[in-house]
Amino acid sequence: MGTSDTCKSEQPLIEPPQSETGSNSTDPLRQSLRPYVFGVLHWIVSLGLILAMDFLLKKAFAAASIEFPSAVFGMFCIFSVLVILDYAVPSAAVALVNFFEPGLMFIQRWLPLFYVPYLVVIPLSVRDIPPSAAIKICLIIVGGWLATLCVAGLTAIGIRKAVKTELIDAGPMERAPPFSSTEVWAWTGVLLISFIVSLVYPTALGTRARTFLPFLLASTVLGYMVGSGLPSNVKKIFHPIIFCAVSAELTAIAFGFLSNLGLDPVLGYYLTNSSSNPGAGDILMAFLGSVILSFAFSMFKQRKLVKRHAAEIFTSVIISTIFSLYSTALAGRLLALEPSLTISILPRCITVALALSIVSFFEGANASITAAAVVVTGLVGANFVQSTLDKLRLRDPIARGIATASSAHGLGTAALSAKEPEALPFCAIAYALNGIFGSVLCSIPAFRQSLLAIVG
């Protein structure tokens, strides 16, 4: 009893005041919000710095009248800095990579979206192309993809047998998280609200392009989300990027019908190619330079793998890149394809971001056709690369990764790595190097002249 009374008499002394209790109840909320807020700020800063680097490099190269792709130069600079830091202060190199990781994950997660704009507006681009020329382009794309796949894969196998380097496990490569239902509903809300506003007030944001931007962007994003969530057997036939383009097209058709504008003007507002009056496609295309800059971090993460298998990787990529460019030029000549169209599809196996830079070296090229050819090549690879490699009996992960990325760039890489994660590092390396070598080669006047001589 005495003990009990003592405890009761002392109990008020250890109870916090009511105001402190209320304060303590908010601490868990603060503790849970703080990491989220800092995470969002970290993402904004890291991605913003990557975009700022790309923007400043473009401005500097334009001011200096330098034709070489500014993003490729920036990628080399970033990679060099990381390598030097890794040699001098390894912890600083790791810290720098970790700092940019949120921005890099954003780019990786949304990468296919950046390919879509030229595919969406392809009805405007191919209108003047005769059906016979379109058939020839399709033959070159499909046949060229298969030929490049074989050349890259067999070259890698040959070098592998010659050097006999033992395959070791690659470093881990983080995958982007799946899309949540909250994201889907949020973008759905943006689509519906902005669609209605645009119908009622078509110049609410100053111009039609800026006013139409939210619902056209939302339709593209939703198409990608829906396509990404489909079963794998469906995605073998319909890649998520197809849903992006179809979703944007259907939205443009619906808006054109309801507003009496028609499809062509709405697609024109989707991709204006104007920095002062951008459309949804221009916003997506603005990330292409950052994709190239991100290659520096991908290659640095796999630097040990690159060093160990340098002979297989570099030899295969260089040979397949040269073969792809020259074989496309020769095929266009043999099929009597119009020279300007042949030039437009030369970099069919190189990622869009660098393919557009490459065709800018040539006069008369159609950037829309270039982008469409690259995307279609990637779609062909994404759908058929795994079964084709199996039929060719290419079992080695290095050969499979290099062959896939060299022939079908990012889309093929995503399709193969989803089923064969052991091939992903080699896909990522070849995917970057393929575009880099293509850009470097086409920046050389003598090389360009040789291609033009074949094209005729």
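Trainee: What should I know before I start?

Mentor: The model is predicted, so to speak of local features we need pLDDT of at least 70, and side-chain atom pairs count only at pLDDT 80 or more, while totals for chains, interfaces and linings use all residues. Residues are numbered from 1 along each chain as its sequence is written, and side-chain values use heavy atoms, with hydrogens and water left out.

Trainee: How much space lies in the second largest pocket?

Mentor: Rolling a probe the size of a water molecule over the atoms shows where empty space is left. Here the second largest pocket holds about 980 Å³. A pocket is an open set of points on a 1 Å grid over the protein atoms alone, where a 1.4 Å probe fits, with protein on both sides within 12 Å along at least five of seven lines; lining residues have an atom within 4 Å of a point. The volume is the space filled by probe spheres set on the points, which are joined across faces, edges and corners. Among the 32 lining residues, Asp54, Lys58, Met285, Ala286 and Gly289 are the closest to the centre.

Trainee: Which element gives the most to that lining?

Mentor: α2 does, with 7 residues; helices are DSSP runs (H or I, at least four residues), numbered from the N terminus.

Trainee: And how do I read a helix pair?

Mentor: Two packed helices are described by the angle between their axes and the distance between the axes. Helix α11 (residues 240-259) and helix α12 (residues 263-270) pack at about 125°, with axes 8 Å apart. That makes α11 oblique to α12, because angles under 35 degrees count as roughly parallel, over 145 as roughly antiparallel, 65 to 115 as roughly perpendicular and the rest as oblique. Axes are lines fitted to C-alpha atoms, for helices over the stretch in contact, and angles run from 0 to 180 degrees between N-to-C directions.

Trainee: Which residues make the contact?

Mentor: Including Ala248 and Phe255 of α11 and Leu263 and Tyr270 of α12, where contact means heavy atoms within 4.5 Å.

Notes:
Helices (H or I, at least four residues) and strands (E, at least two) are DSSP runs, numbered from the N terminus.
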